[in-house]
Structures are given as C-alpha cells and as structure tokens.
Amino acid sequence: MNAHASNRGLWKQTITGRAFPMTGFSALDIDLYGDVAEGLARICRYGGAVPGNPFCVAQHSVVGADAVMDETRDINLAAYFLVHDGHEYVFGDMTTPVAKWLALMAAELYGTAAASMVETLIATAKARLDAAIWRAAGLPPPGKTYRAAIADFDLRMLATEQRQLLMPAPKSWGAAIDAAKPIPMRGRLTAWPVAKAAEEFRDRLTRYCPNARRL
C-alpha cells in the first residue's frame, strides 16, 4: 500500500462521535450545531494561560460577532466573524508563538526556505477547513474587504481579551496589539461555562447564519 492510499482512511473522532475525514472532506462533513459548537466551547484560547476559568474559542467568536453587529449592522460580517475560527474544532488553537517556533525550528533543521513552508502548510490546512465551514454556514468565500474587516476585529478582540483576562504582559505583544482599539464591553469579560458557550454559539448561528446546514 502506498502512502497516498494509506492516508485515505485518515480521520479524527469528533465530540458527537462522528468520523471526520482529514482528507477529502466537504461541507457535508461539517456539523456546525454539534461538533463545531461543542468543540469550540472546549478549546482554550491563549494555550490555557488565562487565570481562573478557561476562556474558549466559542465565546471569543460569539462576543466578537456581537461586537461586529453592534458596530457595523452587517449581518454577513457578523456571520463571518462567528465562524472565522471554526477550523479550530479540528485543528486546535495553535498560538502564534508556537506557530512561529515551529517555523524557526524548520529553518534550523532544513534551511530558511523550510520556515515559509511550515507557515504555508498551516495556512493551507486552515484555509481548506474554512472553505468547507463557509459552505456549511451558507456563506460564500469572503472577499478582500470582509477579510480585512474580520482581521481588524480579531486583532481588537485579542487586544481586549489580553487586557481584561490575562495577567499583565511582561513584554509587548507587538505595536499593532498595543495600539488596537478595544471592543466596547458592558462590563469586563468573564469566561463562560462550556454549556453556555456552546449554546450561545448555536444561538448566533441561528441569528447570523440563517442558511447554515443542520444535520
């Protein structure tokens, strides 16, 4: 059996007990209301480095989507933000320092060109999952304007979470994060329990992605 043939059966078990195919997947394999909602509610942001209760990707997505809607009144942009980290239910939340570390190790072991290969590999894996998730959510691929807006709100959410949830930073996280405009909040962020985070994510799917596929 060659390597290609042996990889055809590569799969990952989801929280609902489904076998997600790691190769050749499509929107039909994406369970937004089950696997994605429940999975993201259990994945910690910042590698779990938030004091107290873990702050999950589902809450980040919901709070950010609501902020987008409050500021822009653009339901499509809110929908894109809601699912922008959806790939993490399969991929996990690889923090930026870890991704950069892997690229540095690749450069040390295999030469400088290998660093960009690692970055491309990670980006491609996420992009393939994103494409399936957008289709499952009833969304076309976002254009450049939407992609830029999502990135901007994501940066602002990161900065807001860093300032409200994490211990004071021993070093700067970068000029862009230091200068990012905070997301307006009604009070301070507090981490939700898993069940609440999953349910709120499902609620926003219904609200912002009315054409999302249900299994």
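In the second largest pocket of this predicted model, the biggest share of the lining, eight residues, is supplied by α3. A pocket here is an open set of points on a 1 Å grid over the protein atoms alone, where a 1.4 Å probe fits, with protein on both sides within 12 Å along at least five of seven lines; lining residues have an atom within 4 Å of a point. Two or more of the lining residues come from each of α3 (57-72) and α10 (194-208). By class, this lining has 10 nonpolar, three polar and seven charged residues; Ala, Val, Leu, Ile, Met, Phe, Trp, Tyr, Cys and Pro count as nonpolar, Asp, Glu, Lys and Arg as charged, and the others, Gly among them, as polar.

The largest pocket has a volume of about 1,300 Å³. Among its 39 lining residues, M94, T96, K126, D154 and L158 lie nearest the centre. Helix α7 gives the largest share of this lining, eight residues, while α6 (96-110), α7 (112-136) and α8 (144-165) each supply at least two. The lining of the largest pocket divides into 23 nonpolar, six polar and 10 charged residues.

What about the interior? In soluble globular proteins, nonpolar side chains tend to be buried together. A nonpolar core is a set of buried Ala, Val, Leu, Ile, Met, Phe, Trp, Tyr and Cys residues joined through side-chain atoms within 4.5 Å, where buried means under 20% relative accessible area (1.4 Å probe, protein chains only). The largest core has 54 residues, and I30, L32, L40, L82, F201, L205 and C209 touch the most other members. Helix α3 gives the most to this core, with eight residues.

The average pLDDT (the predictor's confidence in each residue, from 0 to 100) is 95, and 96% of the residues score at least 70. Residues are numbered from 1 along each chain as its sequence is written, and side-chain values use heavy atoms, leaving out hydrogens and water. Local features need pLDDT of at least 70 and side-chain atom pairs count only at pLDDT 80 or more, whereas totals for chains, interfaces and linings use all residues.

Methods
Points joined across faces, edges and corners; volume = space filled by probe spheres on them. Helix = DSSP H or I, 4+ residues; strand = E, 2+ residues; numbered from the N terminus. Buried < 20%, exposed > 50% of the residue type's maximum accessible area, 1.4 Å probe, protein only.
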